[in-house]
Amino acid sequence: MDFSWLSDPFYQGYLWEGFVNTLWLLLVSAVGGLLLAVGVALARLRGPRPLAWLTWAFTTVMRGTPLLVQLFFFYYGVGRLLEGVPGIRETFLWPLLRDPFFFAALTFILSVGAYSGEVIRGAMQSVPRGELEAGRAFGLSSFQVLVRLWLPRAIQLCLPTLTGEMILLLKSVPLVSTIALMDLLQAANIIRDETFLVYEPLLLIAGIYLATTVVLTLGLRLVELNFPGMRPTRRRWLPISSTG
Amino acid sequence: MKFPMMIAATVTALGLGHIAQAAEPLKVGISGEPYPPFTYKAASGDWTGFEVELAHAICAAMERECEIAPTGWSGIIPSLNAGRIDMIMNSMSITEKRQRVIDFTRPYYFTPGAYVAASDRELDIPDGLDGLVMGVQGATTNATYARRELRDSGVEIRLYDQAEQVNNDLLSGRLDVILADEIAMAQFLERDEAGAFEIKATAPRHEAYGEGIGIGLRQEDDALEAALNEAIATVIEEGTCASLSEQYLGTDVCVYD
Amino acid sequence: MASMTSEGLVDWAGPILSGALTTVQIAVLAYAIGLLLGLLGAGAKLSPWAPLRGLATAYSTLIRAVPELLLIILLYYAGAQALDALLARLGMAGAVQITGFATAVGVLAFVQGAYMTEVFRGAILAIPRGQLEAADAFGFSRWTRFHRFVLPGMLPNALPGMSNLWLILIKDTALISVIGFNELFFTIQQAAASSRAYFLFYSAAGVIYLLMTLSSTALFARLERHVRRGQPTEV
């Protein structure tokens, strides 16, 4: 196994750039996607009929087509269409439309929004209605019930599934190498092109992904354990002691 | 029990039909991704283009049967060494780096790399590249040249898997300039949609570019190499190469010695 | 001078449909083989022999932790080379040419097997122990026990997972286009590049995949209803 190229700063630069891009993409897509997911879940549960139907169509299409096709659709398909719009080069949108990172993030946010939206919707439906009604009985507004009761309870129910979605998101990142974004796979491809080594560069980034997955899983597990309500607390809210 | 057996039989039949193949005809490896006008696929499903037709001519001169075998470009050398294809004939430059892993026949054509950008853009290579976005196809000598020589020029290099994707992004304005094979670019500029673009300069001879385009072979296939060299010489001397070149490329790029 | 003309959806319909057929063929074969691998893997993971358990755990954990695209690229070359080396060792070098199709199927099946292992393992563990103990009490042979008790008992638990994996597999076939294999998405890319109608062809690709996944979902729903017949329903 020849890993001599690892000591070359020329290749190290590309690997580092790829790694940083991967992490940024993961962060932006996760945050944006989860926010969108809440919106999607709400639209399907409480939205007006046309919006609910539209959202259902959105999640069905996003979950029923390959991510790679979606990436190409947005970057090469929609991107090309938009660039034909006269005057678009002068707007502030232009730097974004030129950037593969923007399209990668957009596609991932929509994808996470669809998959996680379904997960959160299912969880929200499983929250006992009595709890929500109790919230209203206490005088909380609809918004407060949503933010302080419904959503947190729903997330408690589906947090393991959501963390699973985050891991799946990480594993989808190499696809962006096909739309000219410098990620770890593109860095590995550069090394493969120039050194003609077939396995070593790929094994290295497989190892990097393995390590990142482990770190991410552990981190998310910490989040799972410390999310309010996931672990029974030892604090007593009522003046009742266990010894009677 | 019958139903599962039927399923198993169908699945096996579907599978076996595809697995075994005899090893007789020579497999000419080309890139599965189109590279007009050298290799591309018409809607009829047949591969055509300068190099495909030249391959047929060379095989006829060698009196061997040849089969066009499209393969992913970025894995074409490993595919050759693994025996999936017998030769690579897709505008692959003869470079010292590649010669460490495969052999080449004598060169059959040569073209330099060319920079293409919008006609109304003033472009001074390499100083004017600062701050611009340049697109290039990965796994090509142009990509290697760009990475090595243009690092200090301040240009942002974007790598694409397919040549057509690079062209597409130039046309849509995402890229300011692209670096690609001169002949492919001459062809590209003939398209209606490329009317506002032109070749700005050609890249100088650099070790990244090598001595010309040759057919890639496994290092142990000496007999095949000798046969191919003879066939290439024949095809060039007879003028078949020149006429195909004029037909597909508009100019004669064959290497005469 | 030969040049590429703009061709439309109708002209490319033939190759696209043929690509779709290839995709379905690959998916069906990979799924079937992956299923077998999954059963073997689950059996290995639940076996009393530690080395076998360790091997199966390593297989399913590693494969599931690495991105599919990376695995596909790695296994495509590694698999081909390993197989050629194996054939050379057996003295049959060059006798059988493994086609790209077989490698694509093999790679996808290998990856599917890892995920299937987990699905089956969970499903087998969820069978009420009493049913299996009853099988042993009646003195059924190991094969009959597996065939008449474990398999039917596991199937209702495994089906949701299996249907999910099938959908993922259909979508993963598009990844093979990155290594240049000619299936549906690769053909779509060629059509889009050749005709310059990118939006049109990528939308068409979406529609075709959507049809495949929607019909698969409907089929699996019927299958699940059939398999769950006779099971106690919730009142």
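A:Cys158 is buried, at 4% relative accessibility. The cut-off for that class is under 20% relative accessible area. The model is predicted. Across all chains, a search of the whole structure finds two disulfides. A disulfide is a covalent bond between the sulfur atoms of two cysteines.

**B:Cys59 and B:Cys66**

- B:Cys59 and B:Cys66 are joined by a disulfide, with an S to S distance of 1.8 Å.
- The torsion about their S-S bond is about -75 degrees, so the B:Cys59 and B:Cys66 disulfide is left-handed.
- B:Cys59 has a relative accessible area of 4%. That value is under 20%, so B:Cys59 counts as buried.

**B:Cys241 and B:Cys254**

- A disulfide links B:Cys241 with B:Cys254, and the S to S distance is 1.8 Å.
- This bond is left-handed because the torsion about the S-S bond of B:Cys241 and B:Cys254 is about -95 degrees.
- B:Cys241 sits in helix α9 of chain B, residues 240-249, while B:Cys254 sits in the segment after α9. The pair therefore ties together parts that are 13 residues apart in sequence.
- B:Cys241 and B:Cys254 are both buried.

Key
Residues are numbered from 1 along each chain as its sequence is written. Chains are lettered from A and ligands numbered from 1 in the order in which they are written. This is a predicted model: local features need pLDDT of at least 70, side-chain atom pairs count only at pLDDT 80 or more; totals for chains, interfaces and linings use all residues. Side-chain values use heavy atoms; hydrogens and water are left out. A disulfide is a pair of cysteine sulfur atoms within 2.5 Å. Buried means under 20% relative accessible area, exposed over 50%, partly exposed in between (1.4 Å probe, protein chains only). Helices (H or I, at least four residues) and strands (E, at least two) are DSSP runs, numbered from the N terminus.
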